[in-house]
Amino acid sequence: AVVSTQSTGRRQVHRLIAGQSEWYDVSGEMILPETKSIAQALSQRLSDTPSTFFRDSVTGEDVVTELDCLLYGHLNAIFMSKLPNYRMKRALGVHPRLILFCKHMENAHGMKKHGNW
């Protein structure tokens, strides 16, 4: 079961990466509503208990996938960078599960700490 969920995660990541060319000329004003929608969907998928998106069905341990790493990288870049305005940070920051996810990735899976969440 873990292999199939990992494959699903890979397909999702590849689909997202393949579609990134359409975002080339998009303004911040256009991205913000999409960011809010994605943040809401991701937050709903995560639990209140710190974890990754998938757990091993036998051991119950976290399984770190490309999706987890991609999400962590993007969230970390947004939260830890000096952006022209704070609207994107605020849009993501209202979802405590996303921040909890980032802290969990740093503490439990050895991601390099880049700042205070």
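Helices α3, α4 (87–93) and α5 are among the elements that cover the buried residues of α2 in this predicted model. Those buried residues of α2 are Leu-32, Thr-35, Ala-39, Leu-42 and Ser-43. Helix α2 itself runs over residues 28–45. Its 18 residues should span 26 Å at 1.5 Å a residue, and this agrees with the 25 Å between its end C-alpha atoms.

Now let's turn to two of the covering helices, α3 and α5. Helix α3 takes in residues 66–80 and helix α5 residues 96–109, and they pack with their axes 10 Å apart at an angle of about 110°. Because angles of 65 to 115 degrees count as roughly perpendicular, α3 is described as roughly perpendicular to α5. On the α3 side, the residues that meet α5 are Asp-68, Cys-69, Leu-71, Tyr-72, Leu-75, Asn-76 and Phe-79. Their partners in α5 are Leu-98, Ile-99, Phe-101, Cys-102, Met-105 and Glu-106. Sorted by class, this contact has 10 nonpolar, 1 polar and 2 charged residues.

Leu-98 has 0% relative accessibility, so Leu-98 counts as buried. Leaving aside residues up to four places away in sequence, Leu-98 touches Ala-39, Leu-42, Ser-43, Leu-46, Leu-75 and Leu-92. Among these, Ala-39, Leu-42 and Ser-43 are buried residues of α2, and Leu-75 belongs to the α3 residues that meet α5. Leu-98 can also be compared with Asp-48: the two are 50 residues apart in sequence, and their C-alpha atoms are 9.8 Å apart in space.

Technical notes:
Residues are numbered from 1 along each chain as its sequence is written. This is a predicted model: local features need pLDDT of at least 70, side-chain atom pairs count only at pLDDT 80 or more; totals for chains, interfaces and linings use all residues. Side-chain values use heavy atoms; hydrogens and water are left out. Axes are lines fitted to C-alpha atoms, for helices over the stretch in contact, and angles run from 0 to 180 degrees between N-to-C directions. Helices (H or I, at least four residues) and strands (E, at least two) are DSSP runs, numbered from the N terminus. Angles under 35 degrees count as roughly parallel, over 145 as roughly antiparallel, 65 to 115 as roughly perpendicular and the rest as oblique. Contact means heavy atoms within 4.5 Å. Ala, Val, Leu, Ile, Met, Phe, Trp, Tyr, Cys and Pro count as nonpolar, Asp, Glu, Lys and Arg as charged, and the others, Gly among them, as polar. The expected span of a helix is 1.5 Å times one less than its number of residues. Buried means under 20% relative accessible area, exposed over 50%, partly exposed in between (1.4 Å probe, protein chains only).
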